[in-house]
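Please examine the sequence and the structure shown below. The paragraphs that follow lead through them step by step.

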Amino acid sequence: MSERLRVDPIACEAHGLCAELVPELVAADDWGYPIVDGRPVPAELVAHARRAVAACPRLALRLEREPRA
Amino acid sequence: MSDERLLAGRRPTGPLGRGAHLSAYGPLGPIAGDPPGLLALAETSGLRGRGGAGFPMGRKLRAVAAARGRKVVVANGAEGEPASRKDRVLLESLPHLVLDGVALAATAVGAREARVCVSAAMARALAAVGGAIAERRDEIRLRLEVVADGYVAGEESALVHALNGGPPRPTTVPPRPFERGVDGRPTLVQNVETLAHLALVARHGAAWFRALGTPADPGTTLVTVSGAVARPGVYELALGTPVGRLAARATPSGPPRAFLVGGYFGAWVSATEADALPLAHDGLRALGGSLGCGVVIALPHGACGVCQTARVLDYLARESAGQCGPCVFGLRAIAGAMAEVARGEGSRATLERLARWAGDVAGRGACHHPDGAVRLLRSALDVFAEEVEAHGQRGRCPSGERVARLRVPVRVAAA
């Protein structure tokens, strides 16, 4: 099972918590909106990714589980 | 020699009534009541969507047919692309062809209800479709819906959103309309031209349909040709026809500098490249272009591709649904920078910013609106590289032309 971070661009309002909490996976563009690394989250970052998902005030960030192909 | 199939029965005097329609195209046979037969036929025909994405219709029909719940069909006649008139022409002149397709698609997926969406900007089409519905006795309930004419209003999820009583703005997918759409039901959304083709496939079969076009992109397609041509309008051609051959039919007024192919979300192609370039989904996509919604605009020598593109990018920025940061801010920034370049005020740094923003913005909206704008931008910077350079060196547009070649609707803000 791999997990990937995904942002709902409509819900997102660039609060920026995700980029703060897991900068290894989320960068901010010129306007503060998250550029999310969509590759499978490495094991050592999963806890941080989960924290970022929980912290988003808009519930815009999701950790999606994907069955391995 | 023309490849007219859809447009074969078209008359300049107005829409075909039911009787004239049946005389021109013939009646539908028993397949009209055979859902598995229709599904198989759609698949074998290889008919792909004519709304812009080119998705195989057979696959879409099967997905909706297999879903659980009461289905609904949505015919998409929103046509928000300013340079496209093909859907308008079909709805104005051949409404029964479209409605035949709607009824067939509904039968195929097991829907008993269909919403025929026509843009508020198409007065004649609204009248024609309304009149045509009144003449029919389908088992499927047909409802005419007037929809907004904004650029993104015809995007699949935006259309469904509007039918559900919301604003005509895209929604986050998944779930896609085929799973949950109108009233939360499995919804088939198809462009009106795609449905019209289905109406002829049902009459003449898959082999007939595939006799024109290419193996991956069979059949004919409608293309709106405009710009520096003596005979602008909607043409029907076999897929795979080179741009040059289509342009010749429209009689260019002088050798063009370049063509915009696919619409305002498509790509510029230089005249030399365009000459042999086949109009088909896959080939164009491989080149970073797009067949899009079947639009070809001829830009003459003497006109400025940089300035025209700057105007369209400004329009596209204003037409953002305003929901996603990268689109709202990114397209605005891109439009602003391109305007700088057009005014002759752009520098190396401006071009670097444009390239960076293009990379940042693409793929990060809820819909493909920003992707289209980026495609237009990148193709302009590529095809008009010399003009970009000249703007920078001269500090102004070298052509000095002020004519708006690419039509952009003027929208009066609501009070």
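How many residues does the contact take from chain B and from chain A? In this predicted model, chain B contributes 19 residues and chain A contributes 10 residues. The size of an interface is often given as the accessible area lost when the parts come together. Here, about 1,200 Å² is buried between chain B and chain A, and carbon and sulfur atoms give 59% of this area. On the side of chain B, the residues that lose the most area to chain A are B:Thr172, B:Phe329 and B:Arg364, which together account for 42% of what that side buries.

A salt bridge joins A:Asp29 to B:Arg364, with the closest N and O atoms 3.0 Å apart. Helix H14 (325–342) and helix H15 (348–361) of chain B each supply at least two residues of the side that touches chain A, and H14(B) gives the most, with 5 residues. By type, the residues of this side of chain B comprise 10 nonpolar, 6 polar and 3 charged.

Attention may now turn to the interior. In soluble globular proteins, nonpolar side chains tend to be buried together. The largest nonpolar core has 53 residues, and B:Leu61, B:Val73 and B:Leu91 are among those with the most contacts inside it. Helix H5 (residues 95–109) of chain B gives the most to this core, with 9 residues. Beyond its neighbours within four places in sequence, B:Leu61 is in contact with residues including B:Leu39, B:Ala105 and B:Leu188. A second, separate core has 46 residues, among them B:Leu316, B:Leu331, B:Ile334 and B:Leu406.

Technical notes: Residues are numbered from 1 along each chain as its sequence is written. Chains are lettered from A and ligands numbered from 1 in the order in which they are written. This is a predicted model: local features need pLDDT of at least 70, side-chain atom pairs count only at pLDDT 80 or more; totals for chains, interfaces and linings use all residues. Side-chain values use heavy atoms; hydrogens and water are left out. A nonpolar core is a set of buried Ala, Val, Leu, Ile, Met, Phe, Trp, Tyr and Cys residues joined through side-chain atoms within 4.5 Å. Buried means under 20% relative accessible area, exposed over 50%, partly exposed in between (1.4 Å probe, protein chains only). Helices (H or I, at least four residues) and strands (E, at least two) are DSSP runs, numbered from the N terminus. Contact means heavy atoms within 4.5 Å. Buried area is the accessible area (1.4 Å probe) that two parts lose on being put together, summed over both. A salt bridge is a side-chain nitrogen of Lys or Arg within 4 Å of a carboxyl oxygen of Asp or Glu. Ala, Val, Leu, Ile, Met, Phe, Trp, Tyr, Cys and Pro count as nonpolar, Asp, Glu, Lys and Arg as charged, and the others, Gly among them, as polar.
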